[in-house]
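Subject: Structure for you to look at

Hello,

I am passing on the structure we talked about. Please open it beside this email and follow along as you read.

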Amino acid sequence: MLERNHFGGNWTEHKTSILETYAKQFLTVFKNQPRQKLLYFDGFAGSGDIDIKEETDEEESFRTIEGAAVKILKVDTPRAFDMYYFVEKNKGLAKSLKTKIDSEFPNKQCFIQASDCNEKIKGLSKFLRSQGGKTYKALGFIDPKGMQLEWSALESLKGLPIDLWILNPTSGANRLLA
Ligand SMILES: C[S@@+](CC[C@H](N)C(=O)[O-])C[C@H]1O[C@@H](n2cnc3c(N)ncnc32)[C@H](O)[C@@H]1O
């Protein structure tokens, strides 16, 4: 049985659609530069689908929507990314994502790692640096549910060619302020 993320509501759909719009604009910048390699990195990727809670006064009900990973994989116009790297620490969720990608996007170059995002951000930074910061340009999406993102991981990306979206969970930040 494949596991799936359960969280969010209507705002989750807005979130993924805003990300999709940004990704298309990012890809537009490079649409006439086919030799420029583009990498998409998602540090908290989830299972590919999300069961969101419906806003209704009646019994609790859920609706399944596409997660950010699937939304981005579906983008082929103005061009697609050349490589996709997904990190999801929960092994069951990572396995579901891999199953979905293998069946729906067999021709895209994807790596799915059941691992900690911070380690993989540091790995990404080494990879981008090893290319002299030129071969790949990256778009990164960091969407934690809590305070898992470490400053040292972010710092490792300093000076590298990456546009990074970080969604900051304000509930966790507020708790820490106290
Ligand atoms: C808010 S959800 C991300 C949802 C995803 N962006 C989507 O659109 O479906 C956060 C995910 O991060 C995973 N996670 C939690 N801690 C992690 C860590 N240290 N490294 C990588 N993934 C982690 C959780 O299992 C969860 O699936």
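Leaving aside its neighbours within four places in sequence, which residues is Ser-115 in contact with? They are Val-87, Glu-88, Lys-89 and Lys-120. Before going on, note that this is a predicted model. Ser-115 sits in the loop between S6 and helix H4 (117-130). Although it is in a loop, Ser-115 counts as buried, because its relative accessibility is 15% and the cut-off for buried is under 20%.

The ligand

The ligand is surrounded by 19 residues, and the closest are Ala-68, Glu-88, Asp-116, Cys-117 and Asp-143. A backbone N or O atom of Ala-68 is 2.8 Å from an oxygen atom of the ligand. For Lys-89, a backbone N or O atom lies 3.2 Å from a nitrogen atom of the ligand. With Asp-116 the side chain takes part: one of its N or O atoms is 2.6 Å from a ligand nitrogen. The ligand exposes 610 Å² when taken alone, and the protein buries 91% of that.

In soluble globular proteins, nonpolar side chains tend to be buried together. Here the largest nonpolar core has 25 residues, and the ones that touch the most other members are Tyr-40, Phe-81, Tyr-84, Phe-86 and Ile-101. Two or more residues each come from helix H1 (10-29), strand S2 (37-42), helix H2 (68-73), strand S5 (83-87), helix H3 (91-104), strand S6 (110-113) and strand S7 (136-142). H2 gives the largest share, five residues.

Apart from neighbours within four places in sequence, its contacts are Ala-23, Phe-26, Leu-27, Leu-38, Leu-39, Tyr-40, Ile-72 and Leu-139. There is also a second, separate core of 17 residues, with Phe-41, Ile-121, Leu-124 and Ala-138 among them.

The cysteines

How many disulfides does a search of the whole structure find? It finds zero.

Regards

How values were computed: Residues are numbered from 1 along each chain as its sequence is written. This is a predicted model: local features need pLDDT of at least 70, side-chain atom pairs count only at pLDDT 80 or more; totals for chains, interfaces and linings use all residues. Side-chain values use heavy atoms; hydrogens and water are left out. A nonpolar core is a set of buried Ala, Val, Leu, Ile, Met, Phe, Trp, Tyr and Cys residues joined through side-chain atoms within 4.5 Å. Buried means under 20% relative accessible area, exposed over 50%, partly exposed in between (1.4 Å probe, protein chains only). Helices (H or I, at least four residues) and strands (E, at least two) are DSSP runs, numbered from the N terminus. Contact means heavy atoms within 4.5 Å. A residue is near a molecule or strand if one of its heavy atoms lies within 4 Å of it. A polar contact is a pair of N or O atoms within 3.5 Å; within protein, one must be able to donate a hydrogen and the other to accept it, and residues adjacent in sequence count only if both atoms are side-chain atoms. Accessible areas come from the Shrake-Rupley method with a 1.4 Å probe; for residues, only the protein chains shown count as cover. A disulfide is a pair of cysteine sulfur atoms within 2.5 Å.
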